[in-house]
Amino acid sequence: MQQELTDIAIIDAVLAGDQQAYALLVKRYQRYVFTLALRFTKSREDAEEVAQDCFVKAFKYLSGYERKGKFTTWLYRIVYTTAMTYLRKKQVDVLSIDDENHQNVLDSHQASTDLNTERKSRDYYLNLAIESLLPDYASIITLFYKGEQSLEEIAQIMGIEANTAKVKLHRARGRLKIKLEQLLKSEAEDLI
């Protein structure tokens, strides 16, 4: 029966005093929230902290959800702002796409993983390439392709105009293509 409940029905139950119903929303969206947080923070521990903060904030401000758009759009907006705030507080240095040392970081990351099995997977390379993008680009790719959010929803989440979201998505795709070409070229060279 839990699967049959809509987000709105669960929210209504929580707002009516059934605080335990909130666990259904957490269970339903914890993977997406964690994935987005990980795209921003690049650290599993930081992503877990950001994800937890997001669900606490969402619970605290649940009565402010106006139901004009999808609940996921509202929730992902919380993820975005929480992650950006977290990164500002932590003052994480984000690598530029043009940074010459960036390929060295990717190479060392590749060497530290079990490449015998993961290199065969296109998802491995795709995720590695997405991780190497700037947080805004990584999040827009994740929201559009994995979160299946529309450009309008992404614009709401990121607090930008829909046209800006479209441009950022286009740029993110271009940067992702470059990263994939770099990764796959180095893979091909390693095989030869």
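Visitor: What should I know about the numbering and the model?
Guide: Residues are numbered from 1 along each chain as its sequence is written, and side-chain values use heavy atoms, with hydrogens and water left out. This is a predicted model, where totals for chains, interfaces and linings use all residues, side-chain atom pairs count only at pLDDT 80 or more, and local features need pLDDT of at least 70.

Visitor: How many salt bridges does a search of the whole structure find?
Guide: A salt bridge here is a side-chain nitrogen of Lys or Arg within 4 Å of a carboxyl oxygen of Asp or Glu. Searching the whole structure with that rule, the count comes to seven.

Visitor: R28 forms a salt bridge with which residue?
Guide: Look for a partner whose closest O atom is 2.6 Å from the N of R28. R28 sits in helix α2 (residues 22-41) and its partner in helix α1 (residues 7-15), so the pair ties together parts that are 21 residues apart in sequence. Helices are DSSP runs (H or I, at least four residues), numbered from the N terminus. The partner is D7.

Visitor: Is D7 buried or exposed?
Guide: Buried means under 20% relative accessible area, exposed over 50%, and partly exposed in between (1.4 Å probe, protein chains only). R28 has 27%, so R28 is partly exposed. D7 has 15%, so D7 is buried.

Visitor: Where does K70 lie?
Guide: K70 meets E153 in a salt bridge, at 3.3 Å from N to O. E153 belongs to helix α9 (residues 151-158), so the pair ties together parts that are 83 residues apart in sequence. K70 itself is in the loop between α3 (44-60) and α4 (71-90).

Visitor: How many of the residues of α4 are buried?
Guide: α4 has 20 residues and reaches 28 Å from its first C-alpha to its last. That helix is mostly covered, and the number of buried residues is 14.

Visitor: Which residues is L143 in contact with, leaving aside its neighbours within four places in sequence?
Guide: L143 has its place in helix α8 (residues 135-146) and is buried, with a relative accessible area of 3%. Contact means heavy atoms within 4.5 Å. With those neighbours set aside, the list is L36, Y76, E148, Q149, I154 and I157.

Visitor: What is the angle between the planes of Y32 and Y76?
Guide: Rings of Phe, Tyr and Trp (its six-membered ring) pair if their centres lie within 6.5 Å; planes under 30 degrees apart count as stacked, over 60 as edge-to-face and the rest as tilted. A search of the whole structure finds eight aromatic pairs. Y32 and Y76 are an edge-to-face one, 6.1 Å centre to centre, with an angle of 80°.

How values were computed:
Helices (H or I, at least four residues) and strands (E, at least two) are DSSP runs, numbered from the N terminus. The expected span of a helix is 1.5 Å times one less than its number of residues.
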